[in-house]
Amino acid sequence: MTMKKALAALSICAAFGSAHAAPKADIVRHKIPGSDFPIALAVTIPPTATIHFISGQVPAVVNKDVAGDTLEAFGDTKTQTETVLKKIKEILQGMKLDMSDVVKMQVFLVGDPAKGGKADTKGFMEAYTQYFGATAQPSPQLNLPARAVVQVAGLSNPGWLVEIEVVAAKK
């Protein structure tokens, strides 16, 4: 076979291969080995997926009878997390997405004065698992996001204890 014929054969194979592309790959959520903690170790997104970046969302006012820059206006960490995740769910639904499409989450928690200035991760988790985990997303496949939770010195409103941004992906 001459070099010219080999190149022609390779070109035909390449054209044939692109016309019959491999099936679309799924979004893969890599479990943390030996753990049932409701986050993914990592998430792999195929090139066929569309990725959506949702800006940081902050809590809704739950008590309009107090000043809007107080913890009383927004509630404790659990309450704030519930209102933030509800907002994110509504935003996703408006984009024809679901909480199960969330592949990455970054959480900013402010230290709660009622907890000695430490972030109330227990309160956060109580709200988080209403949307992510075995109860919220029954088997066979849990659509858990990769996630980071950090404590920050403060957010732009002194009454806020929680801000959450997410990345969602869908094939």
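Select Leu109 to begin: at 0% relative accessibility, this residue counts as buried, where buried means under 20% relative accessible area, exposed means over 50% and partly exposed lies in between, with a 1.4 Å probe and protein chains only. The model is predicted, so local features need pLDDT of at least 70 and side-chain atom pairs count only at pLDDT 80 or more, while totals for chains, interfaces and linings use all residues. Residues are numbered from 1 along each chain as its sequence is written, and side-chain values use heavy atoms, with hydrogens and water left out.

Leu109 lies in strand E4; helices (H or I, at least four residues) and strands (E, at least two) are DSSP runs numbered from the N terminus. Leaving aside neighbours within four places in sequence, Leu109 is in contact (heavy atoms within 4.5 Å) with residues including Thr77, Ala119, Phe124, Val150 and Val162.

Select Val162 next, which is the bridge partner of Leu109 in E6. The two residues are 53 apart in sequence, yet their C-alpha atoms are 4.8 Å apart in space. Two strands pair if DSSP finds at least two bridges between them, and E4 and E6, which run antiparallel, are joined by seven bridges.

Now select helix H3 (residues 77–94), whose 18 residues reach 26 Å from the first C-alpha to the last, close to the 26 Å expected at 1.5 Å a residue, the expected span being 1.5 Å times one less than the number of residues. Its buried residues include Thr77, Val84, Leu85, Ile88 and Leu92, and what covers the buried residues of H3 includes strand E3 (50–57) and helix H4 (121–128).

Finish at Lys96, in the loop between H3 and E4, which is exposed, with a relative accessible area of 71%. Its phi is positive, near 60°, in a residue other than glycine. Most residues other than glycine have a negative phi.
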